[in-house]
Amino acid sequence: MKTTLKTDITIRDICEGFVYNELEGKGLFGLSGKLTIQPEYQRNYIYADGKKDVDVIESILKGYPLGLIYFVKVDKDKFEVLDGQQRITSFGRYVTNKFAVKDENGMEQIFTGIAANKQKKILNTELTIYICEGEESEIKEWFRTINIAGIPLSDQELNNAIFSGQFVTLAKEEFSNSQNTNVQKWSAYIKGNVNRQHFLERAIDWVSKGNIIDYMCRHRFDDNIKELKTYFNSVIDWVSTTFTDIEKEMCGLEWGRLYEEYHKKGFDPKKVSVQIQELYGDSYVKNKKGIFEFILGGKVDTKLLNVRIFDEVTRKSVYKTQTKYAESIGESNCPLCAIGHDSNKSKIWKINEMDADHVTAWSKEGATDIKNCQMLCKTHNRAKGNK
Ligand SMILES: [Zn+2]
């Protein structure tokens, strides 16, 4: 690969014929049509909040370096931006009056509103540009290793660059398209940002059982994404029919793995819903994220809930001792009822009307053993747990 360092290209040169697509929020062309700012493998423009745009302009006005910019020479007199797209889009938009920046008096000014010497300073700023020539594969490989200040590329953005082609194009149309009406549904289960390729990453992660790079390599030249889409939809359908209520803790769970492990087992969504509500209401369950797998696995692996519970033998034994003592002094077998002033003061609860309680809360290292166990009526247990 050959690289040439250029330091005589100015912002004025780049902004010559700058075309910005408002709809997509992308700078498209510059340098009198010779430069493609948004090649296929570049990430989506992500300075959309406006803050970074302003930072770029303020840096230029202060004379700070903008950092290295990389172009790929794709043809005689034709270039693509390999890195620096966001900085170029920022100053291109500013110079074409797309946004304002506060001046020293705190006044918002668009480009044509600022002093002529400042305009000149911006336009005459020379950029440091590396122009790379070489095989597509070696440029992309190298692109993976360059690390430029600014927002780092996400793993999937890098993979999209390295394995760019028909498959990535189709996959992005489906999974990194904020216009896709399914995105809202998906975001109940998948964490991240559709524009930063997090949804596409999950889709490939699921179908490939975690082997994203291998999968992208094998399917790079496919002309369809049928398998990817079908598998993804199967997972989403399975989750949304098994768990009919959407809880915020569902977002970001390993649904691909859970689907593989449990989708062949039948579940009654109504029962599942009741179980979930019970566990959500249980003050001993500290890891709500674990509730879903706990239920899928048949409610045996309590480690998933990060809670220790008293076993049946302990509960029965404590109930017996407590009740025998309570009866002997004519008070309620719930110690909290016994010190109260209502009609429950001497009520003897049945064992199924009571719950085992940690005298010292388990969260404060209270042991789950018989010495730290007391039986409380359900009402008092719940009240205590919610404190
Ligand atoms: Zn009570």
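Predicted model: local features only at pLDDT ≥ 70, side-chain atom pairs only at ≥ 80, totals over all residues.
## Ground rules

Local features here need a pLDDT of at least 70, and side-chain atom pairs count only at pLDDT 80 or more, while totals for chains, interfaces and linings use all residues. Residues are numbered from 1 along each chain as its sequence is written, and side-chain values use heavy atoms, with hydrogens and water left out.

## The chain as a whole

Let's start with the big picture. The chain has 17 helices and 11 strands. Both kinds of element are DSSP runs numbered from the N terminus: helices are H or I runs of at least four residues, and strands are E runs of at least two.

Of the chain's 387 residues, 46% count as buried. Buried means under 20% relative accessible area, exposed means over 50%, and partly exposed is in between (1.4 Å probe, protein chains only). As for contacts (heavy atoms within 4.5 Å), take those between residues at least 6 apart in sequence: 62% of them join residues at least 24 apart.

## The zinc site

Which residues hold the zinc ion? Its donors are Cys334 (SG), Cys337 (SG), Cys377 (SG) and His380 (ND1), at 2.0 to 2.3 Å. A donor is an N, O or S atom within 2.8 Å of the metal (3.2 Å for Na, K and Ca), and water is not among the atoms, so sites may look incomplete. The angles between the four donor atoms run from 100 to 114°, which makes the arrangement tetrahedral. That label applies to four donors if all angles lie between 85 and 135 degrees. For reference, the ideal angle for four tetrahedral donors is 109.5 degrees.

Along the sequence, the donor residues are spaced C-x2-C-x39-C-x2-H. Cysteine 337 sits in helix α16 (residues 335-338) and cysteine 377 in strand β11 (residues 373-377), so this pair ties together parts that are 40 residues apart in sequence. Cysteine 337 and cysteine 377 are both buried.

## Salt bridges

How many salt bridges does a search of the whole structure find? The count is 14, where a salt bridge is a side-chain nitrogen of Lys or Arg within 4 Å of a carboxyl oxygen of Asp or Glu. One of them joins the side chains of aspartate 53 and arginine 93, with 2.6 Å from N to O. This pair links distant parts of the chain, since aspartate 53 is in helix α2 (residues 51-62) and arginine 93 is in helix α3 (residues 85-95), 40 residues apart. Aspartate 53 is buried at 2% relative accessibility, and arginine 93 is buried too, at 10%.

Another salt bridge pairs glutamate 157 with arginine 196 (2.7 Å, N to O). Arginine 257 counts as partly exposed at 30% relative accessibility. Salt bridges with shared partners join Glu254, Arg257, Glu261 and Glu293 into one network.

## Where α6 meets α9

Helices α6 and α9 have axes that come within 9 Å and cross at roughly 75°. Axes are lines fitted to C-alpha atoms, for helices over the stretch in contact, and angles run from 0 to 180 degrees between N-to-C directions. The two helices are therefore roughly perpendicular to each other, a label for angles of 65 to 115 degrees (under 35 is roughly parallel, over 145 roughly antiparallel, the rest oblique). On the α6 side the contact is made by Asp155, Gln156 and Asn160, and on the α9 side by Leu200, Glu201 and Ile204.

Glutamine 197 has a positive phi of about 75° although it is not a glycine, and at 1% relative accessibility it counts as buried.

## Around strand β3

Phenylalanine 29 belongs to strand β3 (residues 26-30) and is partly exposed, at 37% relative accessibility. Leaving aside neighbours within four places in sequence, phenylalanine 29 is in contact with Gly17, Phe18, Val19, Leu35, Thr36 and Ile37.

Leucine 31 lies in the loop between β3 and β4 (35-36). Leucine 31 is not a glycine, yet has a positive phi of about 55°, and is buried at 10% relative accessible area.

Methods:
Tetrahedral: all angles 85-135°; square planar, octahedral: opposite > 155°, others 65-115°.
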